[in-house]
Amino acid sequence: LTTVQNRFGFEEDDEDETETKSVADSTVFQVAFGAWLRCNGIVPSVSYDPLSGETNFLAEDMKQTPIIVCNHVCYLDGMVLASVFSGPKIIAMKGTLNVPVLGLFAADIGVIEVDRSDPSSRSATLKAIEDHSQNWRPGRRPLLLFPEGTTSNGEGLLEFRKGAFVPGLPVRPVVLCYTGSWNPARSEE
């Protein structure tokens with residue numbers, strides 16, 4: 001992975017701060033990962049609602065807010081959204097970083113694991129969300145959270161957990177739905 005980081009990693013100057021970008025910020029990675037998804041029958045597409053009011057931002061710019069919140073349908077959601085939203089950092093369940101191959105990329109894009117059964121892990125995750133929000137600047141990678149805390153059948157939303165909203169900053173809502181003949185939320189089909 002270090003070779004990949006050295007080959008595709010780069011630095012971004014932001015006044016006094018320097019943020020190292022990850023492999024996920026690389027166009028090569030984004031194109032290759034999108035191709036991998038399509039080869040596996042997953043063809044992501046995104047439609048954006050127009051922004052209301054006068055704004056200098058494009059609706060497609062997902063780096064306008066520090067946090068993206070999304071419903072959670074299946075284990076593929078993080079990978080799919082990472083491919084279409086230019087690799088946001090992601091809060092994911094414990095064990096994600098141990099998945100062969102994908103765990104390496106998950107670590108590089110800044111996946112933060114949470115063990116829902118461990119109170120200290122939940123506290124550490126809340127601190128990571130607050131730290132990210134305090135250090136985030138427009139144009140930097142947002143943090144993607146699935147505030148339902150678990151997957152659902154995609155038919156509706158589950159009650160949100162508070163973590164994404166603790167910093168009190170704007171969040172970018174995303175609704176994820178799988179269409180077509182393959183729906184990962186329904187394994188009986």
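1. Val101 is exposed, with a relative accessible area of 55%; exposed here means over 50% relative accessible area, buried under 20% and partly exposed in between, for a 1.4 Å probe and protein chains only. The residue sits in the loop between S4 and H4. Although Val101 is not a glycine, its phi is positive, at about 65 degrees. Most residues other than glycine have a negative phi.

2. On the basis of the model: it is predicted, and local features need pLDDT of at least 70, side-chain atom pairs count only at pLDDT 80 or more, and totals for chains, interfaces and linings use all residues. Residues are numbered from 1 along each chain as its sequence is written, and side-chain values use heavy atoms, with hydrogens and water left out.

3. The protein has five helices and seven strands, where helices (H or I, at least four residues) and strands (E, at least two) are DSSP runs numbered from the N terminus. Read from the N terminus, the order of elements is α-β-β-α-β-α-β-α-β-α-β-β. Of the 189 residues in the protein, 39% are buried.

4. Strand S3 (residues 67–70) is joined to S7 by four bridges, and the two run parallel. Ile67 has Val171 in S7 as its bridge partner, and Cys70 has Val174 in S7. S3 also pairs with S6, again in the parallel sense, over three bridges; here Val69 stands opposite Leu145.

5. S4 has two parallel partners to report. Two bridges join S4 to strand S6 (residues 143–145), with Ile90 opposite Leu144. Three bridges join S4 to strand S5 (residues 112–114), and Ala92 has Glu113 of S5 as its bridge partner.

6. How do the side chains of S3 and S7 point, and which are buried? In S3, Ile67 and Val69 point one way and Ile68 and Cys70 the other, and all are buried.

7. The largest pocket holds about 1,100 Å³ of space. A pocket is defined on a 1 Å grid over the protein atoms alone, as an open set of points where a 1.4 Å probe fits, with protein on both sides within 12 Å along at least five of seven lines; its lining residues have an atom within 4 Å of a point. The volume is the space filled by probe spheres set on the points, which are joined across faces, edges and corners.

8. The largest pocket is lined by 37 residues, and His72, Ile91, Ala92, Met93 and Phe146 are the closest to its centre. Helix H2 (27–39), helix H3 (77–84), strand S4 (89–93), helix H4 (102–108) and helix H5 (119–135) each contribute at least two residues to the lining. By class, the lining divides into 23 nonpolar, nine polar and five charged residues; Ala, Val, Leu, Ile, Met, Phe, Trp, Tyr, Cys and Pro count as nonpolar, Asp, Glu, Lys and Arg as charged, and the others, Gly among them, as polar.

9. There are zero disulfides, a disulfide being a pair of cysteine sulfur atoms within 2.5 Å. For Cys177, the closest cysteine sulfur belongs to Cys70 and lies 9.7 Å away, too far for a bond. Cys177 is exposed, at 55% relative accessible area, whereas Cys74 is buried, at 4%.

10. One aromatic pair is present. Phe160 and Phe165 have ring centres 6.2 Å apart and planes at 10 degrees, so the pair is stacked. The criterion takes rings of Phe, Tyr and Trp (its six-membered ring) with centres within 6.5 Å, and planes under 30 degrees apart count as stacked, over 60 as edge-to-face and the rest as tilted. Phe160 is partly exposed, at 32% relative accessible area, and Phe165 is partly exposed, at 37%.

11. Two contacts between residues separated in sequence may be listed. Phe29, in helix H2, is buried at 16% relative accessibility; Phe29 and Gly87 are 58 residues apart in sequence and 9.6 Å apart in space, C-alpha to C-alpha. Glu148, in the loop between S6 and strand S7 (171–174), is buried at 3% relative accessibility. Glu148 and Lys162 lie 14 residues apart in sequence, with a C-alpha to C-alpha distance of 9.3 Å.

Terms used:
Pairing = 2+ DSSP bridges.
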